[in-house]
Amino acid sequence: MQAIILAGGKGEGLLPYTEKYQKETISILGNLIISYSIKGLKRAGINDFIIVTSEKGKSKIEEEIEKLNVSFEIIIQKREGINGAIKDGLEKASGNNVVLAFGDIIAPEDFYVSLVNTHLTTGADYVIPLVPVSEGVNTYGLAKIEKDKIEIVKTGSTLALAGAYIIRNEMFDDFLEYLNTRKEMLKYFVWSEKWIDIGYPEDLINAIEMLLDEKKSIISEKAEISKTAIIGKGVIIDDYAVIDDYAVIKGPAYIGKEVFVGNFSLIRDATSIERGAKIGAYCELTHTLVEPEAEIGSKSYLSYTVVGEKAKIGASVISSSFPARVVRGKVNKLGALISPEAEIRHGEILKPGTKI
């Protein structure tokens, strides 16, 4: 069975970050977002993928998937919207059934195993997982369960469509209406474990916390860690990272490949620093995602913040995170969403919820 992965949306909830970068190519804990769904489906026995994306996402996605040892074809989305993307993918698909998955979902691999196993054990041509949601309910596709059947609705439910489905390989006009016409034939299950749909900045911060939860410390032998540095519990330090004198890495935290953390800096509480990023001396980062090759100047304080790839943050920059309006956050904290390649001047104080 083939899988169609949708990774060509506009990413409106992450603008202006997504004007030049596809959101599925954002890196968290050393992996692009799209790779989490592909790895999960691979574990479920799917090894043939059709990726529907945009020109701005093509090269990075191709480079990532080549590492995963699967067969894949990347196509550029031609039709507009989700319905258009699905149709573009179905035109390339073969077989009676396909997996249709959104490339912006982060969930354990068992989620995808449950999806495929439900199809195999029941023989159902349509399998729809649902997930309970409590924040930003109106931002999800929703479904109600009535008399052991599901109905796709716009309001009045806290069960969201979980972003990975098994359907017949057949064309339709509108995907959600199509599911409603097949409700007598489909099977569903409720996934109540970890699951995040990446649509807003707070989802990225929550994803770090979810992925690092209960992780054991892993320190690469190829990392260079000063004898005076302090490494706490739940810390992952990847190859060729450098932790300078008296720096403190207080978990849970991820320090990616070739990352530099300057002396006396404090990295703590669900922070992920991606490949090749540089953190200056005397910085403090908490609940923050720093994308590859970004640079943070010395004496900066970043909280609940996303720093885009190759962005340059000056010295003594502060991102204030409270109080902020969030769509899906459990707490009303959000520092800044800083776009890739953006530059922030020395000494700037960014108000809560700043988007650059």
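## Overall build

How many of the 356 residues in the chain are buried, as a percentage? In this predicted model, buried residues make up 55% of the chain. The secondary structure comes to six helices and 34 strands. The radius of gyration is 21 Å, close to the 21 Å that the globule rule gives for 356 residues, so the chain is as compact as a globular protein of that length.

## Surface and charge

The chain exposes about 16,000 Å², and carbon and sulfur atoms supply 47% of that area. Its side chains include 43 positive and 50 negative ones. The centres of these two sets lie 2 Å apart.

An unreviewed UniProt entry places the feature "domain: Nucleotidyl transferase" at residues 3-182. In the model, this span is 29% helix and 30% strand, and its end C-alpha atoms lie 20 Å apart.

Beyond its neighbours within four places in sequence, S54 is in contact with A7, G8, Q22 and I76.

L159 is found in strand β11, which covers residues 159-161. Is L159 buried or exposed? At 19% relative accessibility, L159 counts as buried, and the cut-off is under 20%.

Which residues does L159 touch, not counting those up to four places away in sequence? They are L130, V131, P132, G141, L142, A143, I145 and V190. I145 is 14 residues from L159 along the chain, and the C-alpha atoms of the two are separated by 8.8 Å.

Now for some backbone geometry. Most residues other than glycine have a negative phi, and most peptide bonds are trans. Against that background, two bonds are worth a look.

The peptide bond from L15 to P16 is cis, with omega near 5°. P16 lies in the loop between β1 (2-7) and β2 (27-28). The peptide bond from F322 to P323 is cis as well, and its omega is near -10°. P323 sits in the loop between β30 (318-319) and β31 (336-338).

## Two positive phi values

H287 is not a glycine, yet its phi is near 45°, a positive value. Where is H287 placed? This residue is in strand β26, residues 284-290. H287 is buried, with a relative accessible area of 15%.

E341 is not a glycine either, and its phi is positive at about 70°. E341 lies in the loop between β31 and β32 (343-344). With a relative accessible area of 47%, E341 is partly exposed. So the positive phi of H287 belongs to a buried residue, while that of E341 belongs to a partly exposed one.

Methods: Residues numbered from 1 in each chain as written. Predicted model: local features only at pLDDT ≥ 70, side-chain atom pairs only at ≥ 80, totals over all residues. Heavy atoms only, no water. Helix = DSSP H or I, 4+ residues; strand = E, 2+ residues; numbered from the N terminus. Rg over C-alpha atoms; globule rule 2.2 N^0.38 Å. Buried < 20%, exposed > 50% of the residue type's maximum accessible area, 1.4 Å probe, protein only. Areas by Shrake-Rupley, 256 points an atom, 1.4 Å probe, with all protein chains shown as cover. Lys, Arg positive; Asp, Glu negative; His and termini not counted. Charge placed at Lys NZ, Arg CZ, Asp CG, Glu CD. UniProt positions renumbered as here; feature names shortened; annotations may be inferred. Contact = heavy atoms within 4.5 Å.
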